[in-house]
Amino acid sequence: VAAELPKHLAMNRSLIRALEKLLGRDAVLWKPEDLVMYEYDGSVEVARPDCVVFPRTRDDIVEIVRLASRHQTPLVARGAGTGLSGGALARHGGICVVFSRMNRILELDLENQRAVVQPGVVNLDLTRAVENAGWHFAPDPSSQKSCTIGGNVAENAGGPHTLAYGVTTNHVTGLELVLPDGEVVRVGGTAPDTPGYDLTGLLVGSEGTLAIVTEITVKLTRLPEAVKTLLAIFDDLHDAPETVAAITAAGITPAACEMLDGWTLRAVEAFVHAGFPLDSAAVLLIEVDGLREAVEEQAEAVRRICEQHRAREVRVARDARERDLLWKGRKNAFGAVGRLSPSYYVQDGVIPRTKLPVTLRKIEEIGKRFGFEIGNIFHAGDGNLHPIILFDPRDRAQFERAVAAAGEIMKFCIEMGGSITGEHGVGMEKDGLMPLMFTEADLALMARIRDAFNPAGLLNPGKLLPLGKGCRETRVRPLPLSAAAPV
Amino acid sequence: MTAPATAALARLGEITGREHFITDSPALAGYEVDGTRPAAAVRPGSAEEVAEIVRFAAAEKLALIACGARTKLGIGAPPARYDVAVDLSRLDRVIAYDPGDLTLGVEPGIGVAKLSAVLAEQGQFLPLAVPYTNRATLGGTLASGVDSPLRQCYGTARDFVLGMEFVTGEGASAKSGGRVVKSVAGYDLHKLMLGALGTLGILTRINFKTFPLPAASRGFLAAFGSLAGALELRRRIVSSPLQPLTLDILSPSLAELFARATPAPPEPQLFARGGAGADETLPLPGPWFPTSDWLLAAGFGGSEKVLQRSADDLARYAAEAGAKSTLVLDDEDRPKVWGRLREAIPLLLEASPAATILKLSLPPANLGPVSEAAAAIAARAGLPCAQLLRGCGVFYLALLPAKAGAGVTASLAAACAEAGKAAEQFGGSATIPWCPRELKPSVSLWWPVRGDLALMKKVKAVMDPHNILAPGRFLGGI
């Protein structure tokens, strides 16, 4: 006997039934208590879908897309829900298409340094599948133990090692797409330089607004022969960014160069026990990799530069265990912060790296003015900032102040010639900030590109591009601690 | 040639000023594309002027082709219409360069060589060792989609162009991407512009990520009696921890061409250290340069220790792959070979009156069978050929008939069709960037026809709704 459908879904009753018929009853969720799991991601945004489906094949997706089109219902693709901009939330309700059952690695082609995966493959699982043979999938978001490659493609995700290896788009060579009318199209491929416009490049980072990706061809990257991870400890916060600038000026591109300020590293240390000194003002986590000879020389050069910039101490991880511990500290930073506050707001601004010192001062000043302690954790090497504002979302006024403070930080990033997002995507969190970076003409052109692919606007509506003035909704609820995923 | 009203054209001169508005026939000959001469050429001095020109053209339905140094205008299909050349050579400024941030913003008309000199002063470079370096502009380099041997290490422009500003076919100034090394806001429309032959927009600003120059660099050559040995060495290198800057395989015929031909103009260096290079000559490689074998050429860089380690490993891998001989080239000899490697396309074009160069894109493991198939196809057609195989799977196949003529054109057409099918059979594709104009009607310049053509046409319709930007020049009649 079919369970009673709630009233708010009455108009979608036939759609739900059709989805159940197509996918099986165990692959369709529609009860409110089942849907709450899918109203969050890693951001502060909340939006509940009307139903959640778990397709197994591309053909399932084709049928889902056709049904959605027939019922004029929004479709939102979702991987693991670790996103940080609300990209995978159903802002306007509709069907949330979760890829957890499309998680197969379809092909490992080491001879051509390629892998073909379904979108639901977990980022780290791909690396695990090839690392014994000496390869890896280079994009490494901090959520890589749970985030999916489909989600990485949608948001053009980055990670600490993008400094040397680039973001997701640099590692994707082909996609299989399902368009809103159900047509299946392949763009790009295994071979380089596919003739025609670089549609793969357009699709990566399009946040599910142009098509639903059903298969991804990625590059595999050779694991480096040697890796050295250094922890430079500073007594003055402002010496750390100066050091970063000096490393770049010396012509060294580390594989990663991360900065945690004193407040953040203390939060992390209490949680992870990575060995960050509690009395320090900032640490830099710097990694160099490559040929043994190059790594030795670069690590020595980096150490020298850190010391010249008044590092109190420079530690070198002696083995893989020590190295993993340092990285665990970095990659669990947001989880650690989640233990301290009912909610927190993570920014993703980018500035030219030489502007790090002045930006750090500006963030301090903004924090004081708005009455927040703002933690700073940066991909310092490429100027990608993740300031963390702690707030209690039950206090509406405090939440509004947090958003206002975040807005000021973003505006400053743009004034410095930077960007509102380095790797988290625009989603439904920063669509209102897009006009800071782009003119009306820029945005109108992007909207027309979206409309050319997605004419009825059913694919992930309300994302990436601003809705227009005054249309922005802000809904927010405290994150349960368990949802404070590593970021 | 279409003949738009002279009065209407004259308005263009008001936008740029008379001295930058060209209508005399001899000067316009230099703007011909596949034999079509435009009615006028304009040389805008600012992005605003570009936008104004395009708005005017959109209203008057004038077809525009944007150009820089005009070294690669032969790439693409003959234009369906062509009224006005938009010569961007006056837009040649460095707008912003922040060495500490490794970021650069330039106008599209800036010369590759001129820019290299500016960057070299700061110990940096752009990994665009592209053909015609001493004349080519950055805009033309990106729009034409030519690649560089340095892609082995640094990727293509797609990997280090951070953003662009451009004028759409409606004359709207727009942009995408950013100016910092990392930004994921909005659609990456700038990626669409790469290799688009100016069919989607006219570039007005390009933002790049720059790279520190390697401390020093060397060239490594290994000679093999057969392609198989060279491919085996390639396989060993890409599976090793080494990170070569360049990795290419030359057929004996190409090596022979390198040994006797000097490209015009001479192109001495792969890395223009200290801005040197533009006027230096490029001496022929000496008798040490093997010319009867397949050659694998790998460039590598770094500190002295890294160079030594790389050379040792390469020599060992080469021996394991059955190399007949190996050579390590220092700063004295390396430019003689690598300068030619960069200028391989113009060298090949000069080698035959009907030179036809196909670019086959392949999964690299299939380079071997496709190379063999290509050699057999050329032999059957009675066409001399030369091959340049990049380690990443890009394969330039040059068909070099000794003379031009109707019979030769027919042989070339048949060989191109067969080569395209061979590439397709092995999971790849084929384009014909360079060939005699007479050949174009009888070949598919892009092969195979792909399922995403309809999407490309949608993109074109958004970016250039009146179809005035280089109409007909791109694949599928775009």
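**Overall build and an aromatic cluster**

User: How far apart are the mean positions of the positive and negative charges of chain B?
Analyst: The model is predicted. Chain B carries 47 positive and 44 negative charges.

User: How many helices and how many strands does chain B have?
Analyst: Both kinds of element occur in chain B. The count is 16 helices and 20 strands.

User: What radius of gyration does chain B have, and what would a compact globule have?
Analyst: The C-alpha atoms of chain B fill a box of roughly 70 × 55 × 40 Å along the principal axes. For 478 residues, a compact globule would have a radius of gyration near 23 Å. The value for chain B agrees with this, being 22 Å.

User: What share of the accessible surface of chain B belongs to carbon and sulfur atoms?
Analyst: The accessible surface of chain B amounts to about 15,700 Å². Carbon and sulfur atoms account for 52%.

User: Which kind of aromatic pair do B:Phe125 and B:Phe211 form: stacked, edge-to-face or tilted?
Analyst: Over all chains, the structure holds 12 aromatic pairs. In the pair of B:Phe125 and B:Phe211, the ring centres are 6.3 Å apart and the planes stand at 55°. Planes under 30 degrees apart would count as stacked and those over 60 as edge-to-face, so the pair of B:Phe125 and B:Phe211 is tilted.

User: How many residues apart are B:Phe125 and B:Phe211?
Analyst: B:Phe125 lies in strand S7 and B:Phe211 in strand S11 of chain B. The pair links distant parts of the chain, with a separation of 86 residues.

User: Is B:Phe211 buried or exposed?
Analyst: The relative accessible area of B:Phe211 is 14%. Because the cut-off for burial is under 20%, B:Phe211 counts as buried.

User: Which elements does the pair of B:Phe160 and B:Phe208 link?
Analyst: These two rings form a tilted pair, 6.5 Å centre to centre with 35° between the planes. B:Phe160 and B:Phe208 are 48 residues apart, and the elements they link are helix H7 and strand S10 of chain B.

User: Which residues form one aromatic cluster?
Analyst: B:Phe160 is buried with a relative accessible area of 0%, and B:Phe208 is likewise buried at 0%. Both belong to one aromatic cluster, formed by B:Phe125, B:Tyr154, B:Phe160, B:Phe208 and B:Phe211.

Conventions:
Residues numbered from 1 in each chain as written. Chains lettered and ligands numbered in written order. Predicted model: local features only at pLDDT ≥ 70, side-chain atom pairs only at ≥ 80, totals over all residues. Heavy atoms only, no water. Helix = DSSP H or I, 4+ residues; strand = E, 2+ residues; numbered from the N terminus. Rg over C-alpha atoms; globule rule 2.2 N^0.38 Å. Areas by Shrake-Rupley, 256 points an atom, 1.4 Å probe, with all protein chains shown as cover. Lys, Arg positive; Asp, Glu negative; His and termini not counted. Charge placed at Lys NZ, Arg CZ, Asp CG, Glu CD. Phe/Tyr/Trp six-rings, centres within 6.5 Å; stacked < 30°, edge-to-face > 60°. Buried < 20%, exposed > 50% of the residue type's maximum accessible area, 1.4 Å probe, protein only.
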